[in-house]
Amino acid sequence: MRAQFVLSEVWIGLRRNLTMTIALVVVVAISLSLLGTGLLFVKQVDNTRTYWQSRVQLSVYLCSSQAFIQQCKDGQITNSEQQTIQQDLQQLPQVISVTYVSQEQAWRQFQSEFADSPTLVRYTSPSQIPSSFEVKLKNAEADAAPVSQIVDGYAGVAQVVDDSSILDNFYKLLDGARNAVVIIAIFLLVAAILLVANTIRLSAFNRRRETSIMRLVGASNFYVQLPFLAEGMIAGLFGWLVASGLLIAVKSLWLNGLQAYFPYGVVLSSSDLIEVVIIALVTGLLICGSTSFLTLRRYLRV
Amino acid sequence: MIHFDNVTKTYPNQGRPALENVNLDVEKGEFVFLVGPSGSGKSTFLRLVLKEERPSEGRIHVAGRDLARLTNWKVPQLRRRIGCVFQDFRLLPNKNVYQNIAFALEVIGKPRRFIRKVVPEVIDLVGLEGKRDRMPDELSGGEQQRVAMARAFVNRPMILLADEPTGNIDPATSIGIMKVLDRINRTGTTVVMATHDAAIVDSMRKRVIELEYGKVVRDQSRGVYGQAY
């Protein structure tokens with residue numbers, strides 16, 4: 001095997017159809033970076049989901065003296081009603097813990113959360129903020145509905161709110177964005193495959209003299225095909241390099257920037273990024289290599 | 001060296017076979033002219049020897065191998081033992097004389113030290129001393145054909161196939177080409193040359209096989225081009 005000879009042939013091939021090579025590198029770069037962005041998105045959504053899964057609770061709001069709704073027509077919840085609810089909740093198998101938040105605590109929390117809107121705080125009295133039980137569930141997704149149904153019927157319960165239902169819309173948005181990115185990436189990968197095939201075909205046509213002589217003097221098929229295969233792979237490699245740069249940028253500028261809008265820290269780790277970059281590398285080489293190989297079988301018969 | 005046993009070759013969508021029931025033997029070290037009008041089957045014969053085509057019927061042995069049993073991935077091994085020269089030279093225009101010849105060795109993975117040693121030797125053999133750095137377009141037709149012969153011979157093949165090597169060259173220069181082919185033949189290489197050139201065939205007095213409509217109509221040792229005898 002004469003590595004230097006093969007490399008110089010590859011270099012000649014890449015330079016001869018430079019425009020096709022550039023187009024190929026660009027398309028591979030964009031499709032791989034979109035695919036990678038999609039994967040980063042998946043990871044981000046998963047991370048947020050696990051973060052919330054461990055924190056999502058069922059909020060059981062209790063009747064206050066100022067709750068003018070049908071469920072609270074008997075006025076403020078009595079102590080015995082409150083105790084019954086707490087005990088029954090604690091006995092449910094799906095429940096991990098039950099925490100009581102008094103009106104006093106809820107008021108303070110309200111004050112700090114709406115510190116930006118002093119008017120709202122001024123016109124709200126502590127007695128308007130209901131006390132509640134914060135119920136932590138073993139499996140937030142599956143257990144929320146049955147538990148809230150049970151507790152809804154108790155006297156003194158104003159309203160049961162499943163926190164995860166609030167998050168559902170947020171997830172829908174993220175999932176939709178992720179799917180859109182992945183679908184575009186798939187379309188571009190198809191374009192990349194066609195471009196690889198076309199580049200190799202052009203290259204085979206450009207080098208038909210060389211290949212016909214190689215076959216005539218008895219070069220092995222591997223030797224005849226290697227320059228073309230390497231051409232496709234090297235173009236794929238360059239595309240991947242560009243894509244890696246874009247992915248690092250997406251992660252450090254955009255996804256990390258997104259964190260500023262959330263009160264919790266779920267930052268993707270560097271190992272997540274490395275994993276995605278490696279997946280992009282394998283995808284790129286696989287697509288470029290196998291397409292080159294299959295194209296060659298059509299255009300370089302013995 | 002080359003053995004055809006009742007070989008018929010019919011191309012798809014063509015009524016008449018290109019070769020029909022051809023039986024012939026070419027021994028090691030022989031020099032054979034293959035003559036006949038265009039379309040008589042000379043090129044088909046050469047393509048069959050190289051296994052670029054497969055016979056429709058019959059068996060072919062080349063260099064002791066049964067071509068029907070030769071798997072596709074072993075075809076390159078066969079072709080390393082056969083050198084080829086064509087009417088249109090088929091040199092690489094962007095490589096000089098030395099590089100064109102070395103290319104044939106590089107693509108079969110020969111070590112560089114070997115290439116450095118043997119390429120100058122064949123350049124001398126074909127009479128191109130001092131022209132190793134010329135590009136093909138700086139050479140005359142006869143010189144280009146010498147490069148092509150050097151490339152065909154550099155790997156010391158057992159058989160040299162020449163398809164009208166003097167077809168694009170004037171008669172005076174052709175004599176030089178034939179001398180090189182003769183020199184190659186004297187090293188023990190079997191030479192099969194397809195040609196239209198009556199003067200050359202008559203002057204060489206070698207074995208002549210004449211094809212017509214795909215059939216061998218004459219096989220004569222020390223023959224001439226026309227059917228004089």
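How many helices and strands are there in chain A? Chain A has 10 helices and four strands. Helices (H or I, at least four residues) and strands (E, at least two) are DSSP runs, numbered from the N terminus. This is a predicted model: local features need pLDDT of at least 70, side-chain atom pairs count only at pLDDT 80 or more, and totals for chains, interfaces and linings use all residues. Residues are numbered from 1 along each chain as its sequence is written, while chains are lettered from A and ligands numbered from 1 in the order in which they are written.

Start with chain A. From the N terminus on, its elements run α-α-β-α-β-α-α-β-α-β-α-α-α-α. The radius of gyration of chain A is 31 Å, well over the 19 Å that the globule rule gives for 302 residues, so chain A is more spread out than a compact globule. That radius is taken over C-alpha atoms, and the globule rule is 2.2 Å times the number of residues to the power 0.38. Along its principal axes, the C-alpha trace of chain A spans about 100 × 40 × 30 Å.

Of the 302 residues of chain A, 32% count as buried. Buried means that 20 or more other C-beta atoms lie within 10 Å of the residue's own; exposed means 12 or fewer, and partly exposed is in between, with C-beta atoms placed from the backbone.

Now chain B. Chain B has seven helices and 10 strands. Its radius of gyration is 18 Å, close to the 17 Å from the globule rule for 229 residues, so chain B is as compact as a globular protein of that length. Its C-alpha trace spans about 50 × 40 × 35 Å along the principal axes. Of its 229 residues, 43% count as buried.

An open sheet of four strands in chain B has the order β2-β1-β4-β5, with antiparallel pairing. Two strands pair if DSSP finds at least two bridges between them. The edge strands are β2 (19-26) and β5 (65-66) of chain B, each pairing on one side only. Inside this order, β1 (residues 2-9) and β4 (residues 57-62) of chain B pair over five bridges. His3(B) stands opposite His61(B) in β4(B). Helix α1 (residues 42-49) of chain B lies across β1, β2 and β4 of chain B, at about 120° to β1(B). Axes here are lines fitted to C-alpha atoms, for helices over the stretch in contact, and angles run from 0 to 180 degrees between N-to-C directions.

Further along are β9 (residues 207-212) and β10 (residues 215-220) of chain B, an antiparallel pair with five bridges. Glu210(B) has Arg218(B) as its bridge partner in β10(B). Two residues sit between the strands of this hairpin, where Tyr213(B) takes a positive phi near 50°.

Finally, the two chains meet. The contact takes 17 residues from chain B and 15 residues from chain A. Two residues are in contact if their C-beta atoms, placed from the backbone, lie within 7 Å. On the chain B side, α2(B) gives the most, with four residues.
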